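Here is a short briefing on a protein model and its ligand. Look at the structure first, then read the points below.

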Amino acid sequence: MKVGVIGGGQLGRMLALAGTPLGMEFSFLDPAPDACAAPVGRHLCAAYDARAELQELAETMDVVTFEFENVPSEAVAYLAQHVPVFPNAESLRIARDRLCEKTMFCELDIPVTAFANIESQQQLEQAVTEVGLPAILKTRTMGYDGKGQKVLRSMDDVVGAHAALGGVPCLLEAFVDFAGEVSVIAVRGHSGEVVCYPLAHNTHEGGVLVLSVASENHPLQTLAEDYARRVLEHLDYVGALGFEFFEVDGGLMANEIAPRVHNSGHWTIEGAECSQFENHLRAIAGLPLGSTSLIGYSAMVNCIGRMPANAQLMSLKDTHVHHYGKVEKPGRKVGHVTLRSSGTGQLQQAVAAVQALVSKQ
Ligand code: AMP
């Protein structure tokens with residue numbers, strides 16, 4: 001089966017690493033000459049809306065998917081006329097716009113923090129009186145890893161805030177005083193079958209994920225799965241979806257969805273019977289979905305900016321090293337380490353040891 005992937009970053013690379021043993025062949029559309037998925041497939045180095053390359057994908061692929069959601073909707077619409085595209089165009093449209101996403105959560109009775117659509121500084125000043133402070137102003141589209149966000153703590157921070165984010169359409173969100181952050185990776189197949197991985201407990205620094213720990217029998221697992229199913233069914237979604245939540249007052253508040261495999265699910269490569277990458281491919285290919293059961297106790301530490309030396313990482317217990325083949329650069333996700341241990345105490349020790357190496361970088 002020939003799989004076309006829009007985007008050629010680390011998520012695309014890990015999709016190909018999971019799909020190649022299944023007999024799949026991968027082509028990536030990515031404008032970056034050094035796209036890190038290029039060594040594991042065919043690289044179409046062109047813009048996401050380049051007509052010739054889109055036509056080539058449309059004519060030669062059996063299925064097309066995404067590892068990156070900020071793709072022009074015309075490109076998705078064009079592909080969808082010629083080849084099965086999963087997840088569908090509507091899922092991408094909703095997931096890449098924070099306003100559409102939050103509005104959908106409200107329609108589906110999934111709790112969210114107070115929010116307001118912002119298109120001018122005047123609207124922002126009015127909205128702050130309703131939403132309250134502290135709050136976060138976020139660009140509606142194209143934001144990731146804490147980029148395109150500004151925390152507003154006082155009225156002084158509100159001055160010029162809309163212009164500071166480029167004057168583009170934004171969403172103002174009331175700041176959530178959360179007890180923790182969790183995410184679920186849910187996968188829906190062609191037949192409507194849904195499987196969910198155990199919740200991951202996530203730690204962010206400066207808006208960037210640094211650590212995910214898979215939990216066993218989390219008390220909020222059933223609730224998270226219920227919310228994820230509502231979204232998957234509403235969108236008639238096919239593939240893997242990452243759903244991030246805040247833990248508040250013993251319940252969950254939706255933060256955002258990602259219409260693709262997700263960084264907080266990387267632990268599944270070694271920590272689950274079937275990884276999120278393989279399950280995404282199974283879903284889009286119309287194959288039976290794989291087991292999401294845990295193998296032991298797992299966590300994932302992101303390597304940001306630099307990768308510790310293999311020899312150092314491998315001298316520790318329970319480590320599995322994943323390089324993304326990217327040029328090292330401050331703030332860039334260049335790899336991750338999955339930890340898989342036989343007990344929780346051992347896992348905590350392994351995480352601390354890897355974090356000590358990563359923070360020395
Ligand atoms: P996002 O890109 O929206 O997922 O934001 C990245 C991170 O910023 C989240 O994982 C949280 O740690 C933090 N964050 C985002 N929105 C809020 C909010 N409304 N209240 C508190 N923290 C937030």
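The points below cover the ligand site and then the aromatic pairs.

This is a predicted model: local features need pLDDT of at least 70, side-chain atom pairs count only at pLDDT 80 or more, and totals for chains, interfaces and linings use all residues. Residues are numbered from 1 along each chain as its sequence is written, and side-chain values use heavy atoms, without hydrogens and water.

**Ligand site**
- The shell around the ligand holds 15 residues, counted as near if a heavy atom lies within 4 Å.
- Lys138, Glu173, Val176, Glu181 and Glu256 come nearest.
- Domain 2 (114-174) and domain 3 (180-359) both give residues to this shell, so the ligand lies between them; the bounds come from an automatic or database domain assignment.
- A polar side-chain atom of Arg98 lies 3.0 Å from a ligand oxygen atom.
- A polar backbone atom of Val176 is 2.8 Å from a ligand nitrogen atom.
- Taken alone, the ligand exposes 470 Å², and the protein buries 93% of that (Shrake-Rupley method, 1.4 Å probe).

**Aromatic pairs**
- The structure holds 7 aromatic pairs (Phe, Tyr or Trp rings, the six-membered one for Trp, with centres within 6.5 Å; planes under 30 degrees apart are stacked, over 60 edge-to-face, the rest tilted).
- Phe105 and Phe243 are stacked, at 5.4 Å centre to centre and 15° between the planes.
- Phe105 is buried at 0% relative accessibility (buried means under 20% relative accessible area, with a 1.4 Å probe and protein chains only).
- Phe243 is also buried, at 0%.
- Tyr197 and Trp267 have ring centres 6.3 Å apart and planes at 85°, so this pair is edge-to-face.

How values were computed. A polar contact is a pair of N or O atoms within 3.5 Å; within protein, one must be able to donate a hydrogen and the other to accept it, and residues adjacent in sequence count only if both atoms are side-chain atoms. Buried means under 20% relative accessible area, exposed over 50%, partly exposed in between (1.4 Å probe, protein chains only).
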